[in-house]
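Open the model in your viewer and keep the selection panel at hand. The tour goes stop by stop.

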Amino acid sequence: MSADSVQSKVASAILKALELAKSSGLLNCDTPTQLTLDRPKNRDHGDYATSISLILAKAAGMPPRSIAELISKTLTDNNLLTPAGISKVEIAGAGFINITLQTASQGAVVVEILTAGKKYGTSNMLSRKKINLEFVSANPTGPLHLGHTRWAAVGDSLARVLSAAGAQVSREFYINDRGNQMDLFGASLRAVALDQPRPESGYHGEYIADLAKEIVKSNPSFSKLPESESIAAFRDTGYKLQLAQQQKVLDNFGTHFDTWFSERNLYENNFFTHSLDKLKSKGHVYEEEGATWLRTTDFGDDKDRVIIKSDGSFAYFASDSAYYVSKRERGFNLCIYMLGADHHGYVGRIKAIAACAGDDPNKDIEILIGQMVKIIEDGQELKLSKRAGTIITLEELVEKVGTDAARYTLIRYPTDTPMVMDVDLLRKNTNENPVYYVQYAHARICAVLRNAKEIGINYGLDFYKPQLLDHERERELIGLLAQYPRIVASAAEMREPHRVSRYIEELAGQYHRFYNDCRVLPLGDEKPTELNSCRATLSLATAQVISNGLDLLGVSAPEKM
C-alpha cells in the first residue's frame, strides 16, 4: 500500500485523533503506531471499519463505545475528516467505528492503481527477509508426479507473493541424488538396455526404456562394461537426462528455480565435516555404540537421530542437517520447506536441527505440508501414468488441461487440505470453471476498452473525475479494488497464495455486476459523456488488478478469448 493511499490517510487520521486524545488527558493508555482497517461486508456500514476502541478498552479503563465516541469527536473538532477524505463517522454496537468516504476520495484508489500499474499491491512489509524457499525437490530418477505438481504451482506463486511483499526470495530445488535409489535407477536402465529383467525394487515405468534407448544410442560401450561400472555409467548419464527433463517440464509449467542444489554437494570439499563441527560446537552431538547422533530430543523431537551409522556410512539425516547449515551459511534468515503429505514426521526433526544449530525454530524456519491431489476424468479417479507406471505426471496433467488451468486450480485451494481436480470442468469455457471465469473478466474489459476507443471515448487519468462515480455498484467495485494490497500482504504473511485467486474471482464477479448495472459504453446514437470516460477508466483499473493478481499466480491475463 502506498504511503498516500486513501486507506493510509484514514488510518493516519484515526491514529492522530488517538494521539490528541492522549495528550489532552482524555485517553489514559498508550496508542498504537499502526492501524488495520477492515472492509465491512454490508455496504450500509460504510467503506471502512475499525475495532480499535475494543482493543484499547482494557488498557484505557473505559467502555469501548466511550473510546469510539472520543475518537469521533476528536476527528471532528480537529478538522481531521476532510483531509482524510472522510464524509461520515458512525459508531455501531459495542464500539465499532464505521467510516464512509467522500465520493471523490473513495474513487482516488483508481488513481493509485493506474499510477502504480504492475506494482499496485506491492509493499516493503518483508523487506528484511532473505528467504530460501525450497519446493518440489525430487529424486532425479523419474518424471515429476502429481504431488510435485501441486508444489510446483503453489511454491512458485508463494515466491511471487513473498517478493511482492518486499522479501528477497531464492527458489531452490533440492536434488535427491545420493543413496540406494540412484544405484537401482542405474541397474534398471542397464537391465532394459541388456534386455534383462529389471530389479524387483527398481524402476518400471516406460520412461526407463526410453532413457535406456537414448543412453545406448549415444554410449553403446556402456553395455559392455563390467557390471558395477556399467551400472554407474547408466546411472550418471540417466541422472543428467532425467534431471534435464524435469527442468524442461517445470520451465514449460512456468516454474523457475534460482538454485538446483545437489545433495552430493553436501559431501564435497569437506562441507559435511564442517557442518558436523558446527553442530558439535553447540553441544548437541554425541557418540554411542559406534554411531554419531544428534540429540534432537532436547528440542521436542520424538527420538535422537543418527548422523553417521556404526559402519561409517551416512544416515539420510546427515544430509538434512548439513543442508540446513548450508542454507543458513548462504545468508538466508528464513528457510521455508514445502514438503509432501507423507513428510509430517519431518517437521519436528527439521525444527530440531535448527535448534541444535543455535537458531530459533519458531522464527528461522517454517515447514509447509501439502496434501494430496486427486484427478477426476469422466467421473473416475485417474491413478496410473502411461509413462511413469505410477501416479499421473505433471506433464500429463498439462497435456489434459493446459498450464493456466492446472496452475490456477492447484493454487486455488489451501494446501493443508486434500483437493480434487476435475479435468472435465477445467476444459469447459463456462463460469463454472474458475480460471476461465477470471480470465474472461479480463478479456471482457479489454474488449470494452477497445470498443470505447473505437467510438471516441477518452479514458485514463487525464479524463477521470472520481466524484462522478456515486452509483452503488461503482462504490462496491472501487472498495474491492482498494482491498488488493491487503490481500497480497495477508497472502504473504500467512503463506497462502490461494487468497489471491479467491480475491480475483470475487473481483471478476463484482465487475460483471458493475457492468450490468452501470452503462460503460453509450447506447445507439448517444454521445459519450464524462461518466462514460470515468467508467471506462474504472474498467481499466479493474483489468490492471486482475492482471496483477493472475501474474502472482503465474497465470496469463488474455486480452481476447
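On a 1 Å grid over the protein atoms alone, a pocket is an open set of points with protein on both sides within 12 Å along at least five of seven lines, and a cavity is a set where a 1.4 Å probe fits but cannot get out; lining residues have an atom within 4 Å of a point. This is a predicted model: local features need pLDDT of at least 70, side-chain atom pairs count only at pLDDT 80 or more, and totals for chains, interfaces and linings use all residues. Residues are numbered from 1 along each chain as its sequence is written, and side-chain values use heavy atoms, with hydrogens and water left out.

**Stop 1: the largest pocket**

Select S137, A138, N139, H148 and H343. Of the 50 residues that line the largest pocket, these lie nearest its centre. The space inside is about 1100 Å³; a volume is the space filled by probe spheres set on the grid points, which are joined across faces, edges and corners.

Now colour the elements around the pocket. Helices (H or I, at least four residues) and strands (E, at least two) are DSSP runs, numbered from the N terminus. At least two lining residues come from each of α5 (146–164), α6 (180–193), α10 (316–329), β10 (334–339) and α11 (346–356). Which helix gives the most to this lining? α5 does, with five residues.

Colour the lining by class next. It divides into 22 nonpolar, 22 polar and six charged residues. Here Ala, Val, Leu, Ile, Met, Phe, Trp, Tyr, Cys and Pro count as nonpolar, Asp, Glu, Lys and Arg as charged, and the others, Gly among them, as polar.

**Stop 2: α11**

Stay with α11 and show its side chains. Buried (under 20% relative accessible area; exposed is over 50%, partly exposed in between, with a 1.4 Å probe and protein chains only) applies to R349, I350, A352, I353, A354, A355 and C356 in this helix. These buried residues pack against α9 (271–281), β8 (291–294), β9 (305–308), α10, β10 and β11 (365–369). Step just past the end of α11: G358 takes a positive phi of about 90°.

**Stop 3: the cores**

A nonpolar core is a set of buried Ala, Val, Leu, Ile, Met, Phe, Trp, Tyr and Cys residues joined through side-chain atoms within 4.5 Å. Select I71, L133, L162 and M338. They have the most contacts inside the largest core, which holds 126 residues. Centre on M338. Beyond its neighbours within four places in sequence, M338 is in contact (heavy atoms within 4.5 Å) with L133, E134, F135, W151, V154, G155, L158 and L368. A second, separate core has 30 residues, including I308, Y324, L339 and I367.

**Stop 4: D156**

Go back to α5 and pick D156, which is found in this helix. Is D156 buried or exposed? It counts as buried, because its relative accessibility is 1%. Leaving out residues up to four places away in sequence, D156 touches F135, W151, R171, G254, T255, H256 and R407.

**Stop 5: aromatic pairs**

Show the rings. Those of Phe, Tyr and Trp (its six-membered ring) pair if their centres lie within 6.5 Å; planes under 30 degrees apart count as stacked, over 60 as edge-to-face and the rest as tilted. The whole structure has 18 aromatic pairs. Select F173 and F257: this pair is edge-to-face, 5.4 Å centre to centre, with 90° between the planes. F173 sits in strand β5 (residues 168–175) and F257 in the loop between α8 (227–252) and β6 (259–262), 84 residues apart. Both F173 and F257 are buried.

Move to Y267 and F314, a tilted pair at 4.7 Å centre to centre and 45° between the planes. Y267 lies in the loop between β6 and α9 and F314 in the loop between β9 and α10, so the pair ties together parts 47 residues apart in sequence. F314 counts as partly exposed, at 32% relative accessibility. Then select F135, F173, F257 and W260, which ring pairs link into a cluster.

**Stop 6**

Pick V136, in the loop between β4 (130–134) and α5. Its phi is near 70°, a positive value in a residue other than glycine. V136 is buried, with a relative accessible area of 6%. Finish at D378, in the loop between β12 (373–377) and β13 (380–382). D378 has a positive phi of about 55° although it is not a glycine. D378 is exposed, at 63% relative accessible area.
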